[in-house]
Amino acid sequence: MRNLLKLAAALGTATVLTCAMSAGAKAADKSLTLCWAAWDPANALVELSKDFTKESGIDMKFEFVPWTSYADRFLNELNSRGKLCDLIIGDSQWVGGSAENGHYVKLNDFFDKEGIKMSDFVDATVVGYSEWPKNTPNYWALPAMADAVGWTYRKDWFEKPELQKEFKEKYGRDLAPPKTYEELKDIATFFQGREIDGKKVYGAYIFTERGSEGITMGVTNVLYDYGFQYDDPKKPYSMEGFVNSPEAVKGLEFYKELYKCCTAPGMTNAYMSEGLDAFKSGQVAMQMNWFAFFPGLYKDPNVGGDKIGFFPNPAGPDGHFTQLGGQGISVVAYSDHKDDALEYIKWFAQPAVQQKWWELGGYSALKAVVDAPSFPQSAPFAPDFLVSMNMVKDFWAEPAYAELMQAMQKRVHDYVVADQGTAQEALDGLVKDWTTVFEDEGKI
């Protein structure tokens with residue numbers, strides 16, 4: 001301040017204030033805000049991004065919100081054309097609406113200029129996170145956080161000799177990670193209500209949350225494996241006999257049976273964090289959750305290390321798939337700092353950065369990282385992650401995604417948790433709901 005006053009005396013106060021304001025404006029221009037969900041990978045990204053600031057001089061700020069309000073918070077921000085986010089790591093289902101409504105900057109020209117090739121990234125993540133329309137070379141995001149639904153289990157419980165003996169006598173096979181949903185149900189039933197280490201435990205944790213996307217992200221893992229399809233592959237948006245096929249009905253019935261027989265009491269509106277709590281507190285033998293959480297669980301002092309095991313989503317009678325998670329990173333069209341935001345994406349796409357992203361706890365979608373010979377040995381859950389990313393399916397990514405999701409959330413939760421109607425009635429009703437949405441969209 002003392003030097004500033006001397007300069008003011010020499011040059012005149014107005015001149016100095018103008019210089020100070022210009023310097024402040026320049027500093028502000030070298031700052032980016034990245035918006036995402038508040039979870040372990042976001043913390044890893046904060047650490048990773050320190051390298052970007054060191055190399056570029058661009059300061060990174062972050063706006064992270066809980067998953068339960070993530071979609072509402074940032075879709076409202078995009079729809080209001082707000083300037084909070086320069087970069088956004090948006091859910092895979094947002095890409096259609098964000099592309100068609102002009103929320104995201106199209107990245108094709110930038111990718112071509114910088115030599116960023118989508119063929120260098122895992123195919124499923126390019127389709128899921130970047131493309132709109134799907135299966136066309138129109139890119140609105142760089143794959144940022146590869147993810148899928150997987151399972152954890154209490155390896156130490158499975159290895160108890162007395163439980164192994166009892167299980168084999170009852171089911172005629174070894175107590176081991178299940179390969180099918182029927183095997184998973186047997187194991188969940190076996191553990192349900194059992195006392196282990198002086199504590200009553202339960203068979204499995206599955207998603208049941210009603211408000212955002214939870215139960216849909218859970219039940220689809222079973223529905224896909226029982227033959228459910230979103231529409232007729234030969235006639236887009238024709239859903240009768242596919243969404244509500246006899247096979248899909250059996251899949252929905254199975255999910256309810258699993259919920260009723262083999263979950264802990266009170267899990268009527270539970271999603272990611274509730275599953276983590278249930279597993280960490282020693283309540284459940286198996287847990288459905290996203291691979292994104294597995295690095296943290298493996299490090300957990302109570303249930304990690306030698307006590308935890310991992311397995312991919314089991315197969316069903318009509319398929320072997322898992323629900324795609326994860327997100328792409330996009331430049332927000334309303335940002336005043338688009339050039340700097342593009343610099344961040346260019347930096348993030350580098351193989352060395354992607355390798356460090358994996359090492360810090362993020363999930364790279366770059367083939368150079370995940371196809372490396374050393375990758376399966378880099379983490380105990382890495383092999384199952386690779387298997388899972390090769391069998392992912394995703395929910396609708398249509399511009400009307402929110403209405404489509406809300407309809408499925410209600411129909412499935414009402415049947416599975418609230419005991420309303422039959423599985424057939426739930427899926428028949430869902431076909432009607434979705435048909436109305438697509439009629440309003442002019443798609444049918």
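Visitor: Let's start with threonine 33: buried or exposed?

Guide: Keep in mind that this is a predicted model. The cut-off for buried is under 20% relative accessible area. Threonine 33 comes out at 14% relative accessibility, so it counts as buried.

Visitor: Where does threonine 33 lie, and which residues is it in contact with?

Guide: Threonine 33 is part of strand 1, residues 31–37. Setting aside neighbours within four places in sequence, threonine 33 is in contact with Lys61, Glu63, Leu84, Cys85, Asp86 and Leu87.

Visitor: Now threonine 263. Where is its place, and what does it touch?

Guide: You'll find threonine 263 in the loop between helix 12 and helix 13 (272–280). With a relative accessibility of 11%, threonine 263 counts as buried. Not counting residues up to four places away in sequence, threonine 263 touches Gln192, Tyr202, Ala204, Ile206 and Leu258.

Visitor: How do I read a pair of helices? Take helix 10 and helix 12: at what angle do they cross?

Guide: Look at the angle between the axes, where under 35 degrees counts as roughly parallel. The axes of helix 10 (residues 181–191) and helix 12 (residues 246–262) cross at roughly 15° and come within 10 Å. That makes helix 10 roughly parallel to helix 12. Their crossing is left-handed.

Visitor: Which residues of helix 10 and helix 12 meet?

Guide: From helix 10 you have Tyr181, Glu182, Leu184, Lys185, Ala188 and Thr189, and these meet Phe254, Glu257, Leu258, Cys261 and Cys262 in helix 12. Sorted by class, the contact of helix 10 with helix 12 has seven nonpolar, one polar and three charged residues.

Visitor: Which residues in helix 10 are buried, and what follows the helix?

Guide: The buried residues in helix 10 are Tyr181, Leu184, Ile187, Ala188, Phe190 and Phe191. Helix 10 is followed by glycine 193, which has a positive phi, near 75°.

Visitor: What about helix 19 and helix 20: at what angle do they pack?

Guide: Helix 19 and helix 20 pack at about 165°, and their axes are 9 Å apart. Helix 19 is therefore roughly antiparallel to helix 20. The crossing of this pair is right-handed.

Visitor: And which residues meet between helix 19 and helix 20?

Guide: Glu403, Leu404, Ala407, Met408, Arg411 and Tyr415 are the helix 19 side. They meet Ala423, Ala426, Gly429, Leu430, Asp433, Trp434, Val437 and Phe438 in helix 20. By class, that contact has ten nonpolar, one polar and three charged residues.

Visitor: On to the backbone. Which residues have a positive phi although they are not glycine?

Guide: Most residues other than glycine have a negative phi. Here, tyrosine 237 has a positive phi of about 75°, and aspartate 419 has one of about 60°. Tyrosine 237 lies in the loop between helix 11 (214–225) and helix 12, and it counts as buried at 18% relative accessibility. Aspartate 419 sits in the loop between helix 19 (401–416) and helix 20 (423–440). With a relative accessible area of 45%, aspartate 419 is partly exposed.

Visitor: Is the peptide bond from tryptophan 132 to proline 133 cis or trans?

Guide: Most peptide bonds are trans. The bond from tryptophan 132 to proline 133 is cis, with omega near -10°. Proline 133 is in the loop between helix 7 (123–130) and strand 4 (142–154).

Visitor: One more: is aspartate 197 buried or exposed, and what is it in contact with?

Guide: Exposed means over 50%. Aspartate 197 has a relative accessible area of 64%, so it is exposed. Its place is the loop between strand 5 (195–196) and strand 6 (199–200). Leaving aside neighbours within four places in sequence, aspartate 197 is in contact with Trp157 and Lys160. The side chains of aspartate 197 and lysine 160 are joined by a polar contact of 3.5 Å.

Visitor: How far apart are aspartate 197 and glutamine 93?

Guide: Aspartate 197 and glutamine 93 are 104 residues apart in sequence. In space they are 43 Å apart, C-alpha to C-alpha.

Technical notes: Residues numbered from 1 in each chain as written. Predicted model: local features only at pLDDT ≥ 70, side-chain atom pairs only at ≥ 80, totals over all residues. Heavy atoms only, no water. Axes fitted to C-alpha atoms, helices over the stretch in contact; angles between N-to-C directions. Helix = DSSP H or I, 4+ residues; strand = E, 2+ residues; numbered from the N terminus. Parallel < 35°, antiparallel > 145°, perpendicular 65-115°, else oblique. Left-handed = near helix turned anticlockwise from the far one by under 90°. Contact = heavy atoms within 4.5 Å. Nonpolar A, V, L, I, M, F, W, Y, C, P; charged D, E, K, R; others polar. Buried < 20%, exposed > 50% of the residue type's maximum accessible area, 1.4 Å probe, protein only. Polar contact = N/O pair within 3.5 Å; in protein donor to acceptor, adjacent residues only side chain to side chain.
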